[in-house]
Amino acid sequence: MSVSKLPTSGQNFLKIIWALSEWSGVPVTTKELAARTGLRASSVSEQVKRLTQQGLLEHERYGAIELTAEGREYALQMVRRHRLIETFLVEVLGLGWEQVHAEAEELEHAVSDFLVDRIDEYLGKPTRDPHGDPIPARDGTVEQPNAINLLEAPYDKELQVERISDSDPEMLKYLEENGVGVGSVVELKPGAPFSDSIRLRVAGTEIPLGQAAASELFVSLKR
């Protein structure tokens, strides 16, 4: 079945629930959903209850929120739409990688499954979007990169940037201006004493990065 049969609010919730746990592996809570969506906790609880009744979520009171098999299928359809649209906007229309998340948020609800498949074919069936997030295949399979959070990476080792969260456009602009993008080779250096920052060495230059921003990057150890 196509995710198009669901209302926009349901599409958004399923996609967000998938995205919240995709890189962290941490169970999703009502509080996290409220923070991500900007809705009141009561509104989030009502939407979760509705999706649970539809068989798309599993949720016990005060417990974690999990996708059912059907809910996961719909969530991945939305993730696929979103990330293919982002890729199309960057590679074909030339938009900046800091611009495309907001645009894809709007367009993902309007495109048909047919158009999504045509975009996929036109782009050569890409497996990663401009931010390094994996693009689910048409059959729902996902090739998750083998990556760790930058804050868990060792110092003074060559690291390859695998993924950068698209949640903060200004951070994306800052990183791009300093030569950091998906595929960049960097080294992690300690920050100043008693500070919460680290330093990132890229192409012979070191840039400061706060803990919050650093936590949005995922890297692999370059061999």
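These are my notebook entries on a predicted model, written for someone meeting this structure for the first time.

**Entry 1: ground rules**

I number residues from 1 along each chain as its sequence is written, and side-chain values use heavy atoms, with hydrogens and water left out. Since the model is predicted, local features need pLDDT of at least 70 and side-chain atom pairs count only at pLDDT 80 or more, while totals for chains, interfaces and linings use all residues.

**Entry 2: domains**

I looked up the domains to get my bearings. The protein is divided into domain 1, residues 3-71, and domain 2, residues 148-221; such bounds come from an automatic or database domain assignment. The C-alpha centres of domain 1 and domain 2 lie 30 Å apart.

**Entry 3: the sheet**

Next I traced the strands. I take helices (H or I, at least four residues) and strands (E, at least two) as DSSP runs, numbered from the N terminus. Two strands pair if DSSP finds at least two bridges between them. Six strands form an open sheet with antiparallel pairing, in the order 3-8-4-5-6-7. Strand 3 (148-149) and strand 7 (205-210) stand at the edges with a single partner strand each, so one side of each has no neighbour in the sheet. As a reminder to myself, strands of a sheet pair through backbone hydrogen bonds, either parallel or antiparallel.

**Entry 4: strand 4 and its partners**

Which strands pair with strand 4? On one hand, strand 4 (residues 158-164) is joined by three bridges to strand 5 (residues 185-190), running antiparallel. Here I found Leu 159 with Val 186 of strand 5 as its bridge partner. On the other hand, strand 4 pairs with strand 8 over five bridges, again in the antiparallel sense. There Ile 164 has Leu 217 of strand 8 as its bridge partner.

I then checked burial, where buried means under 20% relative accessible area, exposed over 50%, and partly exposed in between (1.4 Å probe, protein chains only). Five of the seven residues of strand 4 are buried, so this strand is largely enclosed by the rest of the structure.

Helix 7 (residues 169-177) lies across strand 4, strand 7 and strand 8 (217-221), and runs at about 165° to strand 7. For that angle, axes are lines fitted to C-alpha atoms, for helices over the stretch in contact (heavy atoms within 4.5 Å); angles run from 0 to 180 degrees between N-to-C directions.

**Entry 5: the hairpin**

I followed strand 6 (residues 197-202) into strand 7 and noted six bridges between them in the antiparallel sense. Arg 201 stands opposite Glu 206 in strand 7. The hairpin has two residues between these strands, and Ala 203 takes a positive phi near 50° there.

**Entry 6: salt bridges**

How many salt bridges does the structure hold? I have 16 in my notes, each a side-chain nitrogen of Lys or Arg within 4 Å of a carboxyl oxygen of Asp or Glu.

Lys 15 lies in helix 1 (residues 8-22) and Glu 105 in helix 5 (residues 100-107), so the pair ties together parts 90 residues apart in sequence. Lys 15 also forms a salt bridge with Glu 108, at 2.6 Å between the closest N and O atoms. Glu 108 sits in the loop between helix 5 and helix 6 (113-122), so this pair with Lys 15 links parts 93 residues apart in sequence.

Elsewhere, salt bridges that share partners join Arg 80, Asp 117, Asp 120, Lys 125 and Arg 138 into one network.

**Entry 7: aromatic rings**

Last, I looked for rings of Phe, Tyr and Trp (its six-membered ring) that pair, with centres within 6.5 Å; planes under 30 degrees apart count as stacked, over 60 as edge-to-face and the rest as tilted. I counted two aromatic pairs by this rule. In one of them, Trp 23 and Phe 218 have ring centres 4.7 Å apart and planes at 45°, so the pair is tilted. This pair links distant parts of the chain: Trp 23 is in the loop between helix 1 and helix 2 (30-37) and Phe 218 in strand 8, 195 residues apart. Both Trp 23 and Phe 218 are buried.
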